[in-house]
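Thanks for coming. I have one structure to go through today. Please have the sequence and the 3D view open.

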Amino acid sequence: MRKVMTGNYASAWGARLSRAEVIAAYPITPQTSIVEKLADWVSTGEMKANFIPVESEHSAMAACIAAQAAGARTYTATSSHGLTLMHEVLMWASGARLPIVMTNVSRAMAPPWSVWVDHMDSVAQRDTGWMEFFCQSNQEVLDTIIMAYKVCESKGVMLPAMVIEDAFILSHTSEPVDLPDPAIVDDFLPSYAPELKLEVGKPMGFGSLVRPDQYMEFRYKAMLGMKDAHDRFLRVEQEFKQVFGREHGGLLERYRCDDAEFVLVAAGSVAATAKDAVDALRAKGFPVGLARIRSFRPFPHEEFKALGAKVAGLGVLDRSYTFGAAGAMYTEVKASVYSSSKRPVMKNYIAGLGGRDITPKILERIFEDLMLVTKRPEGNEVEWVEVAGLPRRWR
Amino acid sequence: MTKGYEELPITPVSDTPSTVNLTGNWRVIRPVVDKEKCKRCTICWKFCPDGAIILVDGVPEVDLKFCKGCGICAFECPAKCIVMVKEGLE
Amino acid sequence: MIEVRFHGRGGQGVVIASEVLAEAAFRMGFEVASFPFFGVERRGAPVTAFARFDTKPIRNKSSIYEPDYIVVLDNSLLKGVDILEGLKPEGKVLINYPEDRPLVGLPDRFRYFVIDATGIAVKHGIGSRTTPIVNTAIMGGFAKVCDAVSIDAVQAGIREHAPVKEEENAAAAREAYERTKEVKA
């Protein structure tokens, strides 16, 4: 049944349809309406779950870890400084191999204080061992939460995942969303049944001290879990497509890339807008395409290696800045492309920070710039889009 | 004995309680109680950080399997009936 | 694709007006998107909201810069805010304004429509006398101004979103639909 709803309500429905049993969360703009909706449903009994109002995001994740370790399917949601406050316990959740699913409403970090979208908070968690799925529509938010539980809880994976909505652009924007039939979701997603869990009748210690002679083996196993997640995600999505009739493009969604000479890579809602720019430029005969990083973790390494070999120019739009040699997503794409049989010229565009709107016109300018990159290989490798005071015009 | 990664559980788990760890081995000084002077106030029992003091008829008995010799019981005893002696002496 | 921008003050139901439009257009079979101007406003401060509807799925997630329609819930904004910014040359403007008073100070290159949404809201007992809620009435007026959206669909959207007094709100929209008229600037 199709209903018009915000991305936040789509998240709440994702958690509800997935039958999350324990929800521990702390409010933060612009995530608040997710937890308000869930609390409302739990209080009326429409949703059977334990709702734990905690005193901080750090506690929210700690509570989820404990509940998940005891065998419950858990859910939480946060944003920006809430997510970064959780950082050390995010590391615990993945090392403890607990398949928690969380919505992160991706929002810029302060100072400067901002409530608007960028990906800094999400990208800063790329080392934590969590899967990261960037969504471009409210439908994808709902669907990905359901799929994430299935991927996370599979025996070979057992890692947590964050499903990412762009602040305000998805969280507070109302779009039509198809709500799947709960009975069909139950069939698709069975209850959580871990092999190891906290049990009163069988006491065990979890997360025990491991000496240097054995630590690496546990990390190696976690790496295998993330590696398994790559193929598992593709299989789960194919199954989702068979059951519900739709999918969202795998780990790297490719739009008109097959015969493209120049491809722009982006994540989140800007990738959706970029498809309009692709169509406008294609109508004028330009061979462009858009590749959307849907899964940042696991990273679509093989997909980029293959794509890199087929295009002349590959641009990456980073909606964050991580003070490295270049943007975070650019650096990882470039690393994959380094092992391509043929390497394209690459360029990084830092854009849309702190909620700066990225319009179809700006995206067309970015594509136009990208199409010149093979002719100007000595130009800037990293370009900041729309910084007042810099001479370049983008709007 | 280092295990291969496939032999390990998904995350480190331990089904042995910490009581297998006989921390009495760490001790270099040991508490000795003068049971005549003991007032049965139970303060040593409360303060022992390892739970290595048990009360028998109200009088402390030190569990030497776990006592680490920290000396807190001797420090806190109001009757000053506990002295710390070097291990090895009798 | 049709793009609409709404102007009002915090607390007047501007965001709900945009959601009513999205719901109405959705029920008519359009693909829709609606969103507020994302800020940290308080009651009384100028608020802007937006809606898009189209026959194809909407992929553009950026803001609306060149609306086809502008809806003004509070005419005191005509003095302080440039409510016409970006309006397309053939664009239409609907203003909550007394029907018998002339519109002044607006450029005559656009088409203007007025409805006394405040009076209608008071008449149907929506909100209080001092703070009537005009959003449902003005949406009835929108159905008159925009051929693509019917009054029946708007009333369905209102019933979906009105927290109380569904029938009074729907009736206010119907009355506004009947009385909304085009005027010269």
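Predicted model: local features only at pLDDT ≥ 70, side-chain atom pairs only at ≥ 80, totals over all residues.

Residues are numbered from 1 along each chain as its sequence is written, and chains are lettered from A and ligands numbered from 1 in the order in which they are written.

Contacts between chains. Two residues are in contact if their C-beta atoms, placed from the backbone, lie within 7 Å. Of the two pairs of chains in contact, A and C share the most contacts. Chain C puts 17 residues into that contact and chain A puts in 19 residues. On the chain C side, α1 (14-27) and β2 (31-36) each supply at least two residues, and β2(C) gives the largest share, six residues. Helices (H or I, at least four residues) and strands (E, at least two) are DSSP runs, numbered from the N terminus.

F206(A) has V13(B) as its bridge partner. Chains B and C have no contact, and their closest C-alpha atoms lie 41 Å apart.

In the contact between them, 26 residues of domain 1 meet 20 residues of domain 2.

Last, strand β15 (residues 345-350) of chain A. Is this strand enclosed or open? Five of its six residues are buried, so β15(A) is largely enclosed by the rest of the structure. Buried means that 20 or more other C-beta atoms, placed from the backbone, lie within 10 Å of the residue's own; exposed is 12 or fewer, and partly exposed is in between.

β15(A) runs parallel to strand β14 (residues 313-318) of chain A, with six bridges, and L317(A) is partnered with Y349(A). Three bridges join β15(A) to strand β16 (residues 382-384) of chain A, also in parallel. The crossover from β15(A) through helix α13 (residues 360-371) of chain A to β16(A) is left-handed, whereas β14(A), helix α12 (residues 328-338) of chain A and β15(A) make a right-handed unit. Right-handed means that, with the strands pointing away from the viewer, the path from the first strand over the helix to the second runs clockwise.

Conventions: Pairing = 2+ DSSP bridges.
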